[in-house]
Amino acid sequence: MDRQRHPERPQETDTIAAFATAVGGPVVVIRVSGPQAVTAVSRVWQGHSPLTEPPFRQVRVGMVRGESGVLDHEAIAVCMPAPRSYTGEDVVELHCHGGVLGARLILLELLRHGCRHAEPGEFTRRAFINGRMDLTQAEAVADLIGAHSEAALHLANRQLDGALGRRVNAHYEALADLLAEIESRLDFPEEDLEWRTVDALGAGLAAAVDGLAGLLRSRREGEILREGVRLVIAGPPNVGKSSLLNAILGRDRAIVTELPGTTRDTLEELAHVRGIPLRLVDTAGLRESTDLIERKGIERSLRSLQAAQVILWVFDASQPYASQAWDRQDTTGTVILVGNKRDRLAAPPALPPGSRAAVFTCALTGAGLEELFDAIEQAVWDSPHTDASEVAVSARHAALLEKVLPDLEDAGRCCRAERWELAAVALRAALANLGRITGRTADPDVLGLIFSRFCIGK
């Protein structure tokens with residue numbers, strides 16, 4: 001990979017080890033990576049043939065011995081020599097019988113024989129350092145683990161395959177080519193070289209602006225798929241908010257009674273509607289109350305409304321709307337009116353003139369839920385959204401693109417005025433920030449922040 005190599009931290013020459021799977025399951029995988037990986041594992045694992053001999057990347061059955069004797073009679077070892085491994089270093093994986101004690105004793109033996117316990121994300125960081133993946137692909141590993149919907153999973157897999165990195169790199173190479181020509185004009189002003197016309201240079205810059213602006217517009221979609229949407233269910237007491245939560249989840253999660261004020265605290269659950277990951281928040285009914293516990297719950301409900309991106313304001317469709325009307329003007333989330341208990345009426349009631357349009361549901365039977373899901377989809381995307389996304393930038397990518405685009409526009413203006421030195425300065429600044437997306441240029445502190453959100457073992 002054509003990328004600037006970053007100076008290795010001293011500990012990145014160490015051999016590291018960590019659990020690559022959760023401890024306590026039927027099988028535990030311990031991953032070891034570094035220059036002494038084969039040596040360290042060979043000191044605790046014994047098979048019919050040593051790990052230093054081919055065939056590589058195939059399972060070998062052996063046993064693990066420690067100070068206290070045999071720790072696992074049938075441990076599988078897989079040796080993956082550099083550079084054809086996840087990290088680009090020598091990697092050995094031990095697949096052991098599950099169980100907390102045995103797995104921990106095996107890991108302790110490896111640490112005793114020269115390994116260091118891996119930091120969060122250190123295996124993937126080494127893969128990036130060694131050119132096995134660019135920074136967008138490394139970030140996709142964390143996105144893949146944290147995906148909460150099929151759409152988010154598809155997006156993470158596309159990014160791990162390099163879809164975003166390829167687009168960014170294509171623009172980087174095109175802009176680097178333009179910069180080379182601009183700098184040649186500065187270095188050889190008297191030469192009669194076959195330079196592109198000013199219009200051609202401007203067109204090249206404009207094409208990059210259009211393409212990168214398109215990537216920037218995918219920021220909202222990326223945020224929604226990666227982080228989810230905070231949807232708060234609110235309204236007066238005893239209108240069916242908790243029943244609606246259960247209906248959306250498809251299971252009984254919240255306690256439901258005929259008594260007003262049953263819900264005393266906020267209740268959060270993860271759900272998926274039309275491929276959108278939703279963080280559902282059920283809240284206490286909003287009313288004046290002298291009950292201390294209920295008042296605490298109402299205060300939390302109001303705080304939840306402040307943080308909501310979408311609000312379902314639920315009211316009892318069988319009762320007059322005026323006393324239940326939405327009047328929280330200090331919130332910023334998109335409000336959807338939901339008239340629940342429509343089964344108690346022959347037909348959905350008409351709301352007063354000037355009121356928002358409402359969706360009428362029956363949480364007990366599920367009637368109206370599809371219409372509610374339509375409204376949620378519309379509120380999130382501003383339009384129906386059915387196609388799986390190929391790329392969608394993260395907040396980090398978007399912040400860098402917001403720096404790149406003004407510099408490219410400035411470079412374009414300077415090119416049209418044939419102010420080549422200023423154009424080169426602006427273009428170099430744009431390339432520096434564009435390179436930070438894929439890791440061509442990267443601040444070690446930024447790398448630390450990115451990989452700190454990984455789990456140990458990745």
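## A walk through the predicted model

At 65% relative accessibility, Gly250 counts as exposed, because the cut-off for that word is over 50%. Gly250 sits in the loop that runs between helix H9 (241–249) and strand S9 (267–273). Look across from there to Ala271: the two residues are 21 apart in sequence, and their C-alpha atoms are 9.5 Å apart in space.

Now zoom out for a moment. The protein has 14 helices and 13 strands. It has 458 residues, and 48% of them count as buried. If you take the contacts between residues at least 6 apart in sequence, 65% of them join residues at least 24 apart.

Next, find the open sheet of 7 strands. Going across it, the order is S3-S4-S5-S6-S2-S1-S7, and the pairing is mixed. Strand S3 (45–47) and strand S7 (116–117) are at the edges; each has a single partner strand, so one side of each has no neighbour in the sheet. At the S3 end, the partner is strand S4 (residues 59–66), which runs antiparallel to S3 and is joined to it by 3 bridges. To see one of these pairings for yourself, go to Trp45, whose bridge partner in S4 is Val64.

Helix H2 (residues 100–112) touches strand S1 (16–19), strand S2 (27–33), S4, strand S5 (69–80), strand S6 (91–97) and S7, and its direction makes about 10° with that of S2. Helix H3 (residues 122–129) touches S1, S2 and S7, with its direction at about 135° to that of S1.

Is S12 mostly covered or mostly uncovered? Mostly covered, as it turns out: 6 of its 7 residues are buried. S12 pairs with strand S11 (residues 310–316) in the parallel sense, over 7 bridges, and Val310 has Thr334 of S12 as its bridge partner. S12 also pairs with strand S13 (residues 358–360), again in the parallel sense, over 3 bridges. Here Leu337 is the one to click on, with Ala358 of S13 as its bridge partner.

Why does His171 count as buried? Its relative accessible area is 19%, and buried means under 20%. What does His171 touch, leaving aside its neighbours within four places in sequence? The contacts are Ala207, Ala208, Gly211, Leu212 and Leu434.

Last stop: the second largest pocket, which holds about 270 Å³ of space. It is lined by 15 residues, and the closest to its centre are Glu227, Ser394, Ala395, Arg396 and Arg453. Helix H4 (135–146), helix H8 (219–227), helix H12 (395–416) and helix H14 (444–452) are the elements that give two or more residues to this lining. Of these, H8 gives the most, with 4 residues. What is the lining made of, by class? The lining of the second largest pocket has 7 charged residues, along with 4 polar and 4 nonpolar ones.

How values were computed: Residues numbered from 1 in each chain as written. Predicted model: local features only at pLDDT ≥ 70, side-chain atom pairs only at ≥ 80, totals over all residues. Heavy atoms only, no water. Buried < 20%, exposed > 50% of the residue type's maximum accessible area, 1.4 Å probe, protein only. Pairing = 2+ DSSP bridges. Contact = heavy atoms within 4.5 Å. Axes fitted to C-alpha atoms, helices over the stretch in contact; angles between N-to-C directions. 1 Å grid on protein atoms, 1.4 Å probe; cavity = no way out; pocket = protein on both sides within 12 Å on 5 of 7 lines; lining within 4 Å. Points joined across faces, edges and corners; volume = space filled by probe spheres on them. Nonpolar A, V, L, I, M, F, W, Y, C, P; charged D, E, K, R; others polar.
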